[in-house]
Amino acid sequence: MNRPPAGPPRWADRFLEWFCHPDLLEEIQGDIYELYEMREAKWGSKRARRRFTWDVLRSFRLSTVKNFDLLISPDMLKINVRIAFRQMLKQKVFTFIKLGGFALGMAACLLISLYIKDETSYDQHYQDGDRLYRMLAHNESLPDSWQSNVFFPAPLAEALLADFPEVEAAARISPGGLFGGGSNTLRRADQQENFFEAGFILADPELLDVLEIPIVQGDQDQALVEPLTIVISERKAKQYFPGEDPLGKMLIINDELENPYRISGVMANIPDHSHLAPIDFLVTLSGVEFWEGEQSYWRANNYHTYVRLEEGASTQQLETKLLSLIDRYYLPSMIAEGVKDAEDEANNMSFGLQPIQDIYLKSGGVMDLLPHGDIRFVRLLGAIVLFILALAIINFVNLSTAKSANRAREVGMRKVVGSQRRQLVQQFLTESVLVSALALVLGVVLASLLLPAFNQLADKQLTLPWLAWWFLPVAALGGIVLGVIAGAYPALFLSTFKPIDVLRGHLSRGAKSSSLRNALVVFQFATSVILIVGTLVVYQQMEFILNKKLGFDKDQVVILQGANTLGDRVGAFKEEIQRLPLVQSVSVGDYLPIDGTQRNSNRFRVDNDEQVIGQFWLVDHEYINTLGMEIVHGRDFSREMSTDSTAMIINEAMARQLGYDDPLGRQLNNGPDWNIIGVVKDFHWMSLRDEILPVCLVLEESPYMISVKASANEMDQLIGQLEDTWSRFVPHQAFQYTFLDQEFASMYEDVFRTRAVFMS
Amino acid sequence: MGRKYLGEFEELVLLFVAVQAGQAYGISVMEALETEAGRSVNISAVHAALRRLEKKGFVRSDWSEATSSRGGRRKRLFTITQEGEAALVEIRTIRNQLWGRLPNLGTNLSFS
């Protein structure tokens, strides 16, 4: 029988006696005892004991606590510190290893923590951040990677506002290149020279309100309201209008003289830690209609939609309510277009609300074509930080206890001359805190030295937050806490040595302590092995990705930007540079297998009235040749065949999706009918980590970019010749070029970064 | 030191000390608080209030004889001082004046 011993709990009583001021002890202890006796008689000892403990804890107040002698007197501390320094100097190599290991661990942790902090600080700057959401569309009829996406019909924002009182504000953006987002050429209306700019999006006037973008010059409420207005960032205002007032000035985009844009506001630069960054130009969506009826058309999804909800609105309830959109709008429009199985498709649809803070890190599985961090990677790094810290501490513990033989005699002597165990513990803890503090200083210095290199590796602009109010206190506290944790075991272990054993030469190395040390060593090695294996696996994966066959040849291709300024003469220009000896082939087209070029997702109707989704790319005759793609079935476009104006080449992914034994001669319809004449080998046009999605190529103009494949690796010479030709055709247009392989590499910067962070 | 004020809880404790006329100690006050004022408090709260009252000079304390209960520990018995009585009287005077000026007392006075 496990009957609790009679009487009040001993530990609570001892605790009371320990902390309580002697003048008050008799009264308090007496009263609590008396209460205990009364309660025991009334309720039995179990409950009385519980109440006793509670009374003791409640009596633990500032006013009852005795004046403790300082845990350690200043004199003692001075001596301890001096001894600690002597010890450290006595064994320089040992100290170096101990300190160095600790410092390295701390530096690594500091850097990784900064990285984690940076990754988790995206989109935290909104005042109403807890009420801001991005709309998500779910549709199980779509291919896997599109099942969750952020693309919505134009009239959705308005419908949300009208039909759901919880929605306080809604705004759309159109970031894609199709309607003028992404990259464009830009010039002042009063100047001739064009510049290449990448940060365009089309936006509703309400976006400024919803995403809390402050207008620093101009009217916050009126900017973007009028058609053909544009808001530019402060940095671009400085660049284009140094020393001038940009308000009311006109800008020409892509040399479209008939549609000049008036600057109606200058916005504060979008913070780097916004999922939208880097955006410098907001082109108004007001008065925009890309084709007749586009703004009320429910069957094209080209807009991201953000909403701000009323305070206290439940997202769960709203998500359920949003389903009514399907019956009200989506389904009628599908039926009106005669979509087969419209009901089935409607049943597969639903909507979600993604908190704005989650966009950067938690968009796994959401198709939004934006760069993202990965919450799993951040968590992994967090775990690694803890492991590294544990390793550093264990290393410290092992080194300290391993040296115990040397300190044993010291401990013995001290005990003989009357040192108490508490004082010894204090001495050893002082030593470890000192080491940890020094290591911390070293670690911070090391981290600040490594930071530039780390920033380059990780493509971040991290800085040590010296001036943040929390940095120094947290660092100091961290140093002390780590020192105490790391020093606790060695201190307790060393201070248990019995003087008599030590002085006789028997070191009391009990079986217990050595098994703990063995366990620590095993843990240490296991963790190291896991980290190393993990690094190797990551490294191999990256190597795999980078060396994987791309399905196109990225080498020796120059891309000329802003070719639309050539206008009608683009054909002549193409012929002219094709004659250059260094040029193998030339293709005019904006749809390239690298990020930041045109994309256009389409639905196609197939023979049997089923629907498939695929990219619809407008290319020219030389496209496949220039990009080194391979026709695996059928044939390439040909100038001899006049029927090729309705011809289409699909990639293998599309062929798989269609599922025909032989896709040649079949038709796809997205308005007009397209005859499939060939199948091109799958090429990676999105990140290599994603599966290759279906693509269809047809012969049509897309005049912003020209790709030039060189016949020899004489790129400098080629660029010179191209520029000469270019400036003969369009003397006022900046000659802007990039290399395909560089653009390709920049797509995988995050891959390199991940690898770099792991390797470091 | 400026004027000494009595908190609401302190005033109640002081009243019980006065009522119990020399026999008041932690537990007796705690029990009185529970049975007569309907307030269930922890013993430590009573101790704290008594300490504050003693510091302010409203009560003084003496040790009782040791008995066999309480593990042989003595009780600290509290008595109200003249200063304490004066403080209680002052509070009562002020209250009486104010209560006398309340119209319609007891009919539609509501505390909310």
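Here is a quick tour of chain B and some charged side chains in this model.

This is a predicted model, where local features need pLDDT of at least 70, side-chain atom pairs count only at pLDDT 80 or more, and totals for chains, interfaces and linings use all residues. Residues are numbered from 1 along each chain as its sequence is written, chains are lettered from A and ligands numbered from 1 in the order in which they are written, and side-chain values use heavy atoms, with hydrogens and water left out.

Let's start with chain B. Its pattern along the sequence reads α-α-α-β-β-α, with four helices and two strands (DSSP runs numbered from the N terminus: H or I of at least four residues for helices, E of at least two for strands). Of its 112 residues, 39% are buried (under 20% relative accessible area; exposed is over 50%, partly exposed in between, with a 1.4 Å probe and protein chains only).

Now for salt bridges, meaning a side-chain nitrogen of Lys or Arg within 4 Å of a carboxyl oxygen of Asp or Glu. The count over all chains is 34.

In the B:Arg95 and B:Glu11 pair, the arginine sits in helix H4 (residues 82–100) of chain B and the glutamate in helix H1 of chain B, so parts 84 residues apart in sequence are tied together. B:Glu11 is buried at 11% relative accessibility, while B:Arg95 is partly exposed at 41%.

Over in chain A, A:Asp128, A:Arg131, A:Glu168, A:Asp209, A:Arg308 and A:Glu311 are linked in a salt-bridge network.
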